[in-house]
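Colleague: I have a model open and some time to go through it. Can we start with the charged side chains and see where that leads?

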Amino acid sequence: MNTVIVRRAIRGLGNLVLRPYPIAGTTAQQREGIKYMWYDLLFANMSVAFFAEFLTLYILELGGTTSVIGTMTSASNAMALLGPIVGATLVARSGKRKIWVLIGPGSIGRLTLLLSAITPLFCSGSTAVLIVVVLTCIRNLAGTMSSPPGTSLQGDILPPGIRSRWNSLSMVAANAITVIVVPLTGWLIRVISGVAGYQVALGIATVLGFVATSFYARIPEPESAEGPRQRTPECAKGRSSLAAVFHDQRFMLYCGVMFVWSFGQQLSAPFFTVYMRESLGLSVETIAWLATGTAVVNVGALIGAGRLVNDRTAPKMTAIGMLLVPLMPIAWYLAADAWGVLAAKSYGVIAWALVNVSNLPLILAITPRELRSRYIAVLNVFSATAAIIVPIPAAWIYDQYGFKTNLLLSAAGRGVAGILYLIMYLRGSFRRTFDELPEDQAVARPALSTGARHRA
């Protein structure tokens with residue numbers, strides 16, 4: 001009897017780790033895709049946890065400066081402006097999606113990690129800094145190129161009804177991994193010490209990343225509604241697919257709000273780690289433990305958000321979250337030590353949880369399958385444009401007036417975006433979605449998505 005209980009407990013624990021994702025209402029092909037998406041997610045997040053929190057510190061260790069970090073962020077975001085356009089174009093011309101994810105972050109992105117790790121073996125000083133910055137920009141280009149095809153593929157694999165839960169569980173898993181991996185990485189860097197510690201962390205991230213790629217390659221790809229053979233009703237009327245996206249006034253208003261949101265974010269986002277290290281004097285190990293503590297809080301926040309958000313309430317929860325997030329920079333403004341930073345970061349992840357969990361179901365609901373990659377590309381271009389133009393002046397503000405000025409300006413920008421989104425929500429802009437329309441009406445929807453017709 002005891003053996004049976006132990007076996008059941010082990011089996012239950014295995015299912016909790018390896019198969020916690022929802023599968024209600026899915027086909028056999030979708031279940032297969034969800035399984036390999038989950039394994040890819042686990043290893044990809046392990047890879048990210050080994051370098052994301054430490055890349056800025058690595059550049060500083062190599063001799064980089066605050067201005068270099070700001071310039072890198074702007075240049076990297078410039079790549080993010082180009083990437084989605086390239087990704088959407090490749091999908092439109094080929095009708096394929098998985099292959100572009102495999103080529104982008106799955107291959108090029110992971111290779112740049114390896115090259116970043118070995119760069120100090122061949123050069124040093126400003127040359128090494130420049131090479132790592134360029135590789136970071138290339139990795140960002142590869143990653144953002146995969147956003148339209150990757151999200152489009154997710155839309156086909158994840159049916160409406162389980163998207164919010166999947167998004168919540170995936171982020172819970174990512175943060176649980178962060179809780180384990182980030183302090184381990186911080187300890188590893190400290191023990192090895194100097195540049196070599198960062199190199200080892202990047203090397204491990206590379207290996208884990210390629211394991212994730214091997215799982216993503218096994219995802220069965222459903223037949224795409226996008227591609228050169230698909231002739232949408234909008235195109236039949238003589239309107240290009242891209243023009244159809246710009247004709248959707250509701251979506252363009254949403255893009256405008258996201259532009260302001262991204263603008264507010266970028267006023268402070270590139271400099272949190274620099275501020276902790278240079279202004280507050282926190283050690284690398286302390287920064288790692290703060291990231292771990294925040295991740296623990298984030299797990300609870302995401303579980304709670306997952307219970308609050310379902311596909312139909314995603315627009316409402318986004319509105320609430322976007323009104324709470326602008327208070328996060330204010331919490332950072334008041335932080336004076338590690339405990340204050342932990343409190344500010346913890347509030348931030350709680351506020352962001354509603355926005356993050358709602359994001360995937362909201363985007364998939366307001367974009368049609370036949371044009372989804374192009375819709376997502378346009379949205380990413382708006383956000384990336386703000387991300388390009390802000391970091392360099394934000395770095396100047398940081399140098400001239402201090403990070404607290406950045407924080408106040410960031411709070412103001414995010415607050416304006418939150419109010420604009422709230423107005424859209426109260427006016428009924430998200431009342432109807434493509435998921436609620438018959439499939440033969442889905443692409444005709446952009447022409448009906450604004451004004452009195454939409455509010456009716």
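Modeller: First the term: a salt bridge is a side-chain nitrogen of Lys or Arg within 4 Å of a carboxyl oxygen of Asp or Glu. Keep in mind that this is a predicted model.

Colleague: How many salt bridges are there in the whole structure?

Modeller: The search of the whole structure gives four. Arg-97, Asp-156, Glu-221 and Arg-369 are linked in a network of them.

Colleague: Take Glu-221. What does it bridge to, and at what distance between the closest N and O atoms?

Modeller: Its partner is Arg-97, and the closest N and O atoms are 3.4 Å apart. Glu-221 sits in the loop between H9 and helix H10 (233-236), and Arg-97 in the loop between helix H4 (66-94) and H5, so this pair ties together parts that are 124 residues apart in sequence.

Colleague: Is Arg-97 buried or exposed?

Modeller: Arg-97 counts as buried, at 1% relative accessibility. Glu-221 is partly exposed, at 25%.

Colleague: And Arg-369, what is its partner?

Modeller: Arg-369 forms a salt bridge with Asp-156, with 2.9 Å between the closest N and O atoms. Arg-369 is in the loop between helix H17 (338-365) and helix H18 (372-389), while Asp-156 is in helix H7, so the parts joined here are 213 residues apart in sequence. Arg-369 is partly exposed, with a relative accessible area of 29%, whereas Asp-156 is buried at 11%.

Colleague: You mentioned H7. How many of its residues are buried?

Modeller: Nine of the 11 residues of H7 (residues 147-157) are buried, so the helix is largely enclosed by the rest of the structure. Among them are Pro-148, Pro-149, Gly-150, Gly-155 and Ile-157.

Colleague: What does the backbone oxygen of Gly-155 lie 3.1 Å from?

Modeller: A polar atom of the Arg-163 side chain. Arg-163 belongs to helix H8 (residues 163-192) and is buried, with a relative accessible area of 3%.

Colleague: Going on past H8, what about Ser-193? Where is it?

Modeller: Ser-193 is in the loop between H8 and helix H9 (194-216). Its phi is positive, about 70 degrees, although it is not a glycine. Ser-193 is partly exposed, at a relative accessible area of 42%.

Colleague: Back to salt bridges for a moment. What does Lys-35 pair with?

Modeller: Glu-32, at 3.7 Å from N to O. Both residues are in helix H2 (residues 28-49), three residues apart, about one turn of the helix. An α-helix has 3.6 residues a turn, so residues three or four places apart point the same way. Lys-35 is partly exposed, with a relative accessible area of 25%, and Glu-32 is also partly exposed, at 33%.

Colleague: New topic, aromatics. How many pairs?

Modeller: The structure holds 18 aromatic pairs. In one of them, Phe-272 with Phe-403, the ring centres are 5.3 Å apart and the planes are at 85 degrees, so the pair is edge-to-face. Phe-272 is in helix H13 (residues 272-279) and Phe-403 in helix H20 (residues 403-426), so the pair ties together parts 131 residues apart in sequence.

Colleague: Which ring does Lys-404 lie over?

Modeller: The ring of Tyr-333: Lys-404 is over its face, at 5.0 Å from the ring centre.

Colleague: What else is in H20?

Modeller: Met-424 is in that helix, and it is buried, with a relative accessible area of 7%. Met-424 and Arg-250 are 174 residues apart in sequence and 8.7 Å apart in space, C-alpha to C-alpha.

Colleague: Last one, the surface. Which residues make the nonpolar patch?

Modeller: Ile-99, Ile-103, Ile-108, Leu-130, Val-134 and Ile-138 make a patch of about 460 Å². Helix H5 (98-118) and helix H6 (125-145) each supply at least two of the patch residues. Leu-130, in helix H6, is exposed, with a relative accessible area of 54%.

Terms used:
Residues numbered from 1 in each chain as written. Predicted model: local features only at pLDDT ≥ 70, side-chain atom pairs only at ≥ 80, totals over all residues. Heavy atoms only, no water. Buried < 20%, exposed > 50% of the residue type's maximum accessible area, 1.4 Å probe, protein only. Helix = DSSP H or I, 4+ residues; strand = E, 2+ residues; numbered from the N terminus. Polar contact = N/O pair within 3.5 Å; in protein donor to acceptor, adjacent residues only side chain to side chain. Patch = residues over 30% accessible without salt bridge, like charges linked within 9 Å, V, L, I, M, F, W, Y side chains within 5 Å. Areas by Shrake-Rupley, 256 points an atom, 1.4 Å probe, with all protein chains shown as cover. Phe/Tyr/Trp six-rings, centres within 6.5 Å; stacked < 30°, edge-to-face > 60°. Lys NZ or Arg CZ within 6 Å of the ring centre and 35° of its normal.
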